[in-house]
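Please keep the sequence and the structure in view while reading.

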Amino acid sequence: MTGPDTLHPVDDQLTRPQRRRAVAALVAIVVAGLTAALGVLLVVAAVTEDAAIERYTGNANADVVSVSFSRTLVRFQTPDGAEHLPSVGVLYPEALAEGQVVRVEYDQRNPDLVRVAGRGAALTILPVGTAVLGVWVVAGGFLYWLRRQGPLNVRRLRPRRRIRL
């Protein structure tokens, strides 16, 4: 007689150290996978925002008002005379300094969506790719270290008691 219960009898439960290693391996894989998924979403968002700007492109000279770690604020005027200071900041703000005047491109339908002229989503690929690769290298090293101590038995992680309906 073969079946799921005969492959791993109830007496053949994982020991506490085996269980800890299996859980640690599973956590490392999940964290690395989520990081990769978030990286892909970040690049897709950058491409989507660039596409919106390119469909209805407006150009202006903008004053760099504030530069901080989380965002860089710029102020610019649209041809209708309205002044805009996007609260989320400018896209691709590398190497900008407060007080600098820079050429920007914005979505004419939504002037709060603004980027530095000549810069695009391709600038996100290297930093995001490097971060994702770094996380996978660390996770891979950790998994290798765990595996050297014996089989990980991730598939055998399950509740100790089965719920039967």
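How many bridges join strand 4 (residues 101–107) to strand 5? Four bridges join the two strands, which run antiparallel. The model is a predicted one, in which local features need pLDDT of at least 70 and side-chain atom pairs count only at pLDDT 80 or more, while totals for chains, interfaces and linings use all residues. Residues are numbered from 1 along each chain as its sequence is written, and side-chain values use heavy atoms, with hydrogens and water left out.

**The sheet**

- Five strands form an open sheet in the order 3-2-1-4-5, with antiparallel pairing; strands (E, at least two residues) and helices (H or I, at least four residues) are DSSP runs numbered from the N terminus, and two strands pair if DSSP finds at least two bridges between them.
- Strand 3 (83–84) and strand 5 stand at the edges with a single partner strand each, so one side of each has no neighbour in the sheet.
- Strand 1 and strand 2 run antiparallel and are joined by five bridges; Ser-66 stands opposite Leu-73 in strand 2.
- A hairpin of two residues connects strand 4 to strand 5, and Tyr-106 stands opposite Val-114 in strand 5.

**The helices**

- Helix 2 (residues 16–55) and helix 3 (residues 122–148) have axes that come within 10 Å and cross at roughly 170°; axes are lines fitted to C-alpha atoms, for helices over the stretch in contact, and angles run from 0 to 180 degrees between N-to-C directions.
- Helix 2 is therefore roughly antiparallel to helix 3, a term for angles over 145 degrees.

**Burial and the nonpolar core**

- Strand 5 (residues 110–116) is mostly covered, with five of its seven residues buried, that is, under 20% relative accessible area with a 1.4 Å probe, protein chains only.
- The largest nonpolar core has 12 residues, among them Val-64, Phe-76, Tyr-106 and Val-114; such a core is a set of buried Ala, Val, Leu, Ile, Met, Phe, Trp, Tyr and Cys residues joined through side-chain atoms within 4.5 Å.
- Strand 1 (57–67), strand 2 (72–77), strand 4 and strand 5 are the elements that give two or more residues to this core.

**A buried aspartate**

- Asp-107 is found in strand 4 and counts as buried because its relative accessibility is 3%.
- Not counting residues up to four places away in sequence, Asp-107 touches Ala-52, Ile-53, Tyr-56 and Leu-113, where contact means heavy atoms within 4.5 Å.

Key:
Buried means under 20% relative accessible area, exposed over 50%, partly exposed in between (1.4 Å probe, protein chains only). Angles under 35 degrees count as roughly parallel, over 145 as roughly antiparallel, 65 to 115 as roughly perpendicular and the rest as oblique.
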